[in-house]
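This report describes selected features of one structure.

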Amino acid sequence: MRAAVLEQPGLPVRVEDLVLDEPRAGEVRVRITASGVCHSDLHVRDAEWERPGPIVLGHEGAGIVEAVGPGVTGLEPGRQVVLSWYYPCLRCRACQSGRQWLCSDTPALAHRSPDGTTRLHRADGQDVLAYLAIGTMAERTVVPVEAAIPIPDAVAPEVAALIGCSVSTGVGAVIKTAEVPAGASVAVFGLGGVGLSVVMGAALAGATRIVAVDRVPEKLERARDLGATHVVLAGDPDETIRAVRAAAGGQGPDFTFEAIGLPATIEQSIAVLPRGGTAVLVGLTRFGARASFEAFPFVDGSLRILGSNYGFAVAALDFPRLAELHLAGRLPIEKLIDARIGLDDLEDAFARMRRGESVRRVITF
Ligand code: APR
Ligand code: ZN
């Protein structure tokens, strides 16, 4: 089975032939149909995040169930599934309180199956890990059944893949984390797959002004196509702040979303807020990054900063809802996709992403 393997962070990805074990109790084998290239894969590739290797990259994927292990009920071969990169333990306090995106015991963070082993091996027997326990940049994967969420067959594979990360993260940040009310004004910093999903989510929520900000002009046009009412080409921070305030009308946007993960833009997303405004931090930074804000106006103006991981996704509930919204024509997820590529094109896709080119390149199998 062909898979994109990262020997260790910082090195180029190599496509290798791996051996995949049969699913064990509570697991399913999925034939991957599509896997998006997300900036979180690039964070790992570029050693901005420490991760063990060798590891199969990819965490934004969808596929078809091929086989189920002992004890699996309710998911049969042939079903289309979206893979969740944070499958919940369902036992910890966070899971029991319904906040699965905060699960403290998910084995996903160890990039292994719940029993601590891995189903992936090299021909010589060496273990290979699966990124976030799903490792979607491969022809097949074996995952716990909790990570495989059935969605309607009518959803195209590339669209299904994006529901697994960028769409859940961006739309969820608007709808679930911030609970943006109809009529609010919104600004979005960074227009990759995540930021453009925030734009789609803001349009869905009924935001009246949606200001989209990026340093790459081409991204601004993409944002307009997805519902942005105003665009700002990012440049000097003070000028960017002035332009965003003006575009949002009056004092500034009620809600800002930072979908890049850079201290400079995190600080802009807070500085631009009017009194009573809310900044939602969605982009993941490199480890150890810090950002600051001026404290007096923050308290005096009753501002809020919210962190939003995975758009507060409860995968089993939210993935099918996003799929239905897409099928109803209310989430044009297909517009995020620039190109269908092969596994061998992954390093090229990473290079484009570093330059801010392209929104989503999706590996198809
Ligand atoms: N000012 C404005 N825009 C910027 C800046 C900047 N200083 N730096 C980068 N950008 C833009 C890029 O041009 C690009 O359009 O931010 C966008 C980032 O998009 P992608 O690299 O495609 O990233 P994406 O996959 O959307 O993920 C965004 O969310 O979960 C996290 O790890 C993920 O940190 C990443 C973030
Ligand atoms: Zn991702």
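Two strands are taken to pair if DSSP finds at least two bridges between them. Helices (H or I, at least four residues) and strands (E, at least two) are DSSP runs, numbered from the N terminus. This is a predicted model, in which local features need pLDDT of at least 70, side-chain atom pairs count only at pLDDT 80 or more, and totals for chains, interfaces and linings use all residues. Side-chain values use heavy atoms, with hydrogens and water left out.

An open sheet of 6 strands runs in the order β2-β1-β5-β9-β8-β3, with mixed pairing. At its edges stand β2 (14-17) and β3 (19-20), each with a single partner strand, so one side of each lacks a neighbour in the sheet. Strand β8 (residues 120-121) pairs with β3 in the antiparallel sense over 2 bridges.

The zinc ion (ligand 2) has protein donors lying 2.0 to 2.3 Å from it; donors are N, O and S atoms within 2.8 Å of the metal (3.2 Å for Na, K and Ca), and because water is not among the atoms, sites may look incomplete.

| Donor residue | Donor atom |
|---|---|
| Cys 38 | SG |
| His 59 | NE2 |
| Cys 165 | SG |

Along the chain, these donors follow the spacing C-x20-H-x105-C. His 59 lies in the loop between β5 (55-56) and β6 (61-68) and Cys 165 in the loop between α3 (157-163) and α4, so the pair ties together parts that are 106 residues apart in sequence.

Note on methods
Residues numbered from 1 in each chain as written. Chains lettered and ligands numbered in written order.
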